[in-house]
Structure formats: C-alpha cells, structure tokens
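Good morning, and thank you for coming. I would like to take you through one structure today, for those who have not seen it before. Please look at the display first.

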Amino acid sequence: MKKIAVIGSGTMGNGIAHTFAQHGFQVSLVDINEDALLRALQTINSNLDKQIKKGIIDDRLKADTLSRILPSTDLKQSVHDAELVVEAATEDREIKLNLFKQLSHLCGDNAILASNTSSISITQIAAVTNNPERVIGMHFMNPVPLMKLVEVIRGKETTDAVTDTIMKLSRQLNKIPVEVNDSPGFVANRILMPMINEAIFALHENVSGVDEIDTVMKLGMAHPMGPLQLADFIGLDVCLAIMNVLHEGIGGYKYAPCPLLIDMVDNKVLGMKTGVGFYQYTAGSKELTVANRFKRLRN
C-alpha cells in the first residue's frame, strides 16, 4: 500500500496526512476549500519544524514528508487510484454518509475506506457503500503525529483481512492499534466524553470552578490535562456531537449533554478554535486563563 487519500484538511486531517507522508506514503490531501488546504500545509510545516527542534526528525525527512503531500480540491482525481481513503471530515452523520456514497462510486473495488469518526457507527457508514466489508474505522488521536493510539473499529461486515491490513498499517506508522467492535462512541469516547460532560455538570451546578475542577483531576487522578481544558482542546462542538450520538444510541441520563455545553455551542463558544471556551486563549501565549464568564465561583 503506497497511495493514501485523506479527506478533510482540518486538525485531524492534516495530522493524518502528515503522519502517513512522514512514514513514506504518497498522500492526496483533499478539501473543498483551497484556503483550508493552504492553512493545513502551513500547520504541517510548523509541526515538522517542532519535530526537528525536538530531534525527532531532520531537515531531509521534513523535505521528503512535504514532497509526498499533494493538496487537491478534486475528490474524483484524488481517490480514483488510492488504496486507502481516510475520511476526516466534520463529525456530522449526514456529511459522512454522503461522502462515503460518493467514495463508493469513485474508488476502486479493492480500496479500503476508513473513517476517522470519533463516535458515528461504522456499520451505518458502511451500509451506504457498495462494499461494506471494506469499510472500517481508523480513529486517530489528537495530535496525530504524537499520539500512539489508533482505535480500529470493525463494522458488522468488515472482514478479517481488512482489519488485519489496517492493524498492520497502523504499526507501520509507529502507532499502537487497538481493535474494538462498533458501538456508539466505541471505547475511547464512550468513557472519555461522559467524564468531560460530568465535569461540565459540576461547573454548571456550582460544585466548583474551572481551575479547581481541572486541578482535582490533574493532581488527584494523574490526568495530564483537566477535563475542561481537554474539552476546549477537542472542541466543544465535537464534544456535544459525540454526546448526542451516545445519548441517541445508548440513552439514559448519564449520556445526556449538559445544558451548559449546549448553550456554549449554540453561542459559538467552542474552545481553542474560537479563542475562548472554559479558558481564554491568546495566540503565542502558553498561559492558561479562565474565561471571564467563569472567573467567579458562585456560592
């Protein structure tokens, strides 16, 4: 397997393209927006520079990595001869289903179609394609070049051969793949998102403040990042989308999204991507400042 197509050039998409290209694969990075592709290439270049500073790669590998990434807005041309397509579009069921319908017609019969979805059913995605046995989940973690885990999700019709191929391919990327069966949120987000949601409830119900909640989890549970900061990092819109999938697919109070989370997303307060979430973010600053609306803990 040499030719990879990555659909979507956002945070996950550009990280996935970066990782494949760094490990010798030819990558078509596809997006409908040329400006988004330009930003993606700038991000990849910056992240490669960070790897150089840390001694992970050298200048030659950086140049080789960038040379293997071909940005494109032409989906048909980019995927027609791809051996693997990794979809990293917005975490929206309809967008993903429509995209996989297209890919099913545009790709070769032997192509593997993978989704980086963090919660949506692989079986449901596969059902709109001509070859559901060749559809699989390949859930990378953010930031992709650094995080070791790949959650490999089997749909009900995914074959052993396709699963084995993706497990082996993940190891070629110097990742550690973990195979899981298809279920809302899979393993990672079925456990992680209710914890984040409960932290938001603790804030919403005035149990404690933003910094205090995160400090308890960092110092008491040895988490490298508090749940509210992590929510900002992931994107509050993504957190809400996953909670909605869990609530719809499993049901029950523990999967109901917190009203505060819903309110913040409705008001486009999405975390790092918008500059403010539970914390405020200033470009170039590593200092973490609680957002103004949360600075005062009420009695």
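**A walk through the model**

Just after helix H12, Lys268 takes a positive phi of about 60 degrees. Before I go further, please note that this is a predicted model, in which local features need pLDDT of at least 70 and side-chain atom pairs count only at pLDDT 80 or more, while totals for chains, interfaces and linings use all residues. Residues are numbered from 1 along each chain as its sequence is written, and side-chain values use heavy atoms, with hydrogens and water left out. Helices (H or I, at least four residues) and strands (E, at least two) are DSSP runs, numbered from the N terminus.

Let me stay with H12, which spans residues 259–266. Which of its residues are buried, that is, under 20% relative accessible area, where exposed means over 50% and partly exposed lies in between (1.4 Å probe, protein chains only)? They are Leu260, Leu261, Met264 and Val265. Seen down the axis of H12, these buried residues fall within an arc of 130 degrees, so they line one face of the helix; the arc is that of the directions from the helix axis to the C-beta atoms. The buried residues of H12 pack against helix H8 (188–204) and helix H11 (236–249), where contact means heavy atoms within 4.5 Å.

I turn now to the record. Over residues 3–182 the chain is 43% helix and 22% strand, with the end C-alpha atoms 27 Å apart. Over residues 185–281 the figures are 61% helix and 2% strand, and the end C-alpha atoms are 28 Å apart.

Next, the salt bridges. A salt bridge is a side-chain nitrogen of Lys or Arg within 4 Å of a carboxyl oxygen of Asp or Glu, and by this rule the count comes to ten. One of them joins the side chains of Lys3 and Asp81 (2.9 Å, N to O). This pair links distant parts of the chain, 78 residues apart: Lys3 is in strand S1 (residues 3–7), and Asp81 is in the loop between helix H4 (75–79) and strand S4 (84–87). Lys3 counts as partly exposed because its relative accessibility is 39%, and Asp81 is partly exposed at 34%.

Another salt bridge joins Arg93 and Glu248 (3.6 Å, N to O). Here Arg93 in helix H5 (residues 93–106) is linked to Glu248 in helix H11, 155 residues apart. Is Glu248 buried or exposed? With a relative accessible area of 59%, Glu248 is exposed, whereas Arg93, at 24%, is partly exposed. Salt bridges that share partners also join Glu87, Glu91 and Lys96 into one network.

I close with two individual residues. Ser28 lies in strand S2 (residues 26–30) and counts as buried, because its relative accessibility is 15%. Leaving out residues up to four places away in sequence, Ser28 touches Ile4, Ala5, Val6, Leu70 and Ser78. Asn131 lies in the loop between helix H6 (122–126) and strand S6 (135–140), and is partly exposed at 23% relative accessible area. Beyond its neighbours within four places in sequence, Asn131 is in contact with Ser104 and Asp109.
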